[in-house]
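Subject: Handover of a structure and notes on its strands, cores and selected residues

Dear colleague,

Please find the structure below, together with its sequence.

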Amino acid sequence: MEQKWVVFSLEENTYGIDVQSVRSIERLQPITRVPNAPSHVKGVINLRGVVTPVIDLRLRLGYEEIEPTDETRILIASLNQGDAGFIVDRANEVVESDEVRIEPIPESSRDMISAHLTAIAKGEDKLFSLIDANALFEEQYAE
């Protein structure tokens with residue numbers, strides 16, 4: 001079965017999220033802060049009448065916060081708990097499974113890698129980590 005991933009960047013690293021969970025890719029827009037939310041929860045947006053929480057994926061994954069650029073995007077993902085937006089540095093492309101080989105996270109790295117990373121995708125000129133967006137969203141409430 002063919003799979004596709006939306007590939008995006010955070011700093012120099014690339015990640016992929018299952019294209020079936022991505023509802024849309026939006027330009028950065030005004031975000032309403034939510035009092036007492038963790039720093040990586042930037043707030044909520046009103047996306048076509050639906051209030052959607054927005055998470056800064058840079059902060060969520062331990063990168064430094066930067067000022068948004070023209071390439072900054074919000075990936076709107078459909079999760080088990082509803083829709084959520086993930087701020088990324090840049091949405092790069094959609095990659096199909098015939099372009100890459102999926103390999104498990106090396107056993108030696110499992111202790112250093114969070115549960116939200118599921119596998120590594122390798123292609124001739126591609127290398128990115130696959131993210132389980134549901135796990136990423138659920139982990140924030142476990143902390």
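The notes that follow cover the sheets, the nonpolar cores and a few individual residues.

This is a predicted model, in which local features need pLDDT of at least 70 and side-chain atom pairs count only at pLDDT 80 or more, while totals for chains, interfaces and linings use all residues. Residues are numbered from 1 along each chain as its sequence is written, and side-chain values use heavy atoms, with hydrogens and water left out.

The two sheets

Helices and strands are DSSP runs numbered from the N terminus (helices are H or I with at least four residues, strands are E with at least two). Two strands are taken to pair if DSSP finds at least two bridges between them. In general, the strands of a sheet pair through backbone hydrogen bonds, either parallel or antiparallel.

Five bridges join β9 to β10 (residues 117-123) in the antiparallel sense, and Glu 103 has Ile 120 in β10 as its bridge partner.

Another open sheet has five strands in the order β3-β6-β7-β5-β4, and its pairing is also mixed. Here β3 (22-27) and β4 (41-47) stand at the edges with a single partner strand each, so one side of each is left without a neighbour in the sheet. Neighbouring strands of this sheet are turned by 30° against each other on average, direction ignored.

Strand β7 in its surroundings

β6 and β7 form a hairpin with two residues between them, and they pair in the antiparallel sense over seven bridges. Within β7, Gly 85 is the bridge partner of Ile 76, and Ile 87 stands opposite Ile 74. β7 also pairs with β5 (residues 50-56), in the parallel sense and over three bridges; Ile 87 is the bridge partner of Asp 56 there. Five of the seven residues of β7 are buried, so this strand is largely enclosed by the rest of the structure. Buried means under 20% relative accessible area, exposed over 50%, and partly exposed in between (1.4 Å probe, protein chains only).

The nonpolar cores

A nonpolar core is a set of buried Ala, Val, Leu, Ile, Met, Phe, Trp, Tyr and Cys residues joined through side-chain atoms within 4.5 Å. The largest core has 23 residues, of which Phe 8, Leu 10, Tyr 15, Ile 17, Leu 57, Leu 79 and Phe 86 touch the most other members. At least two residues of this core come from each of β1 (4-10), β2 (13-18), β6, β7 (82-88), β10 and α2. A second, separate core has eight residues, including Val 7, Val 95, Ala 121 and Phe 128.

Phe 8 and Tyr 15 form a stacked aromatic pair, 5.8 Å centre to centre with 25° between the planes. Rings of Phe, Tyr and Trp (its six-membered ring) pair if their centres lie within 6.5 Å; planes under 30 degrees apart count as stacked, over 60 as edge-to-face and the rest as tilted. Phe 8 is buried, with a relative accessible area of 1%, and Tyr 15 counts as buried at 9%.

Two buried polar residues

Thr 72 is placed in the loop between α1 (57-60) and β6 (73-79) and counts as buried at 8% relative accessibility. A polar atom of its side chain lies 2.8 Å from the backbone nitrogen of Thr 69. A polar contact is a pair of N or O atoms within 3.5 Å; within protein, one must be able to donate a hydrogen and the other to accept it, and residues adjacent in sequence count only if both atoms are side-chain atoms.

Asn 134 lies in helix α2 (residues 133-142) and counts as buried at 18% relative accessibility. The side chain of Asn 134 reaches the backbone nitrogen of Asn 80 at 2.7 Å.

With kind regards

Notes
Axes are lines fitted to C-alpha atoms, for helices over the stretch in contact, and angles run from 0 to 180 degrees between N-to-C directions.
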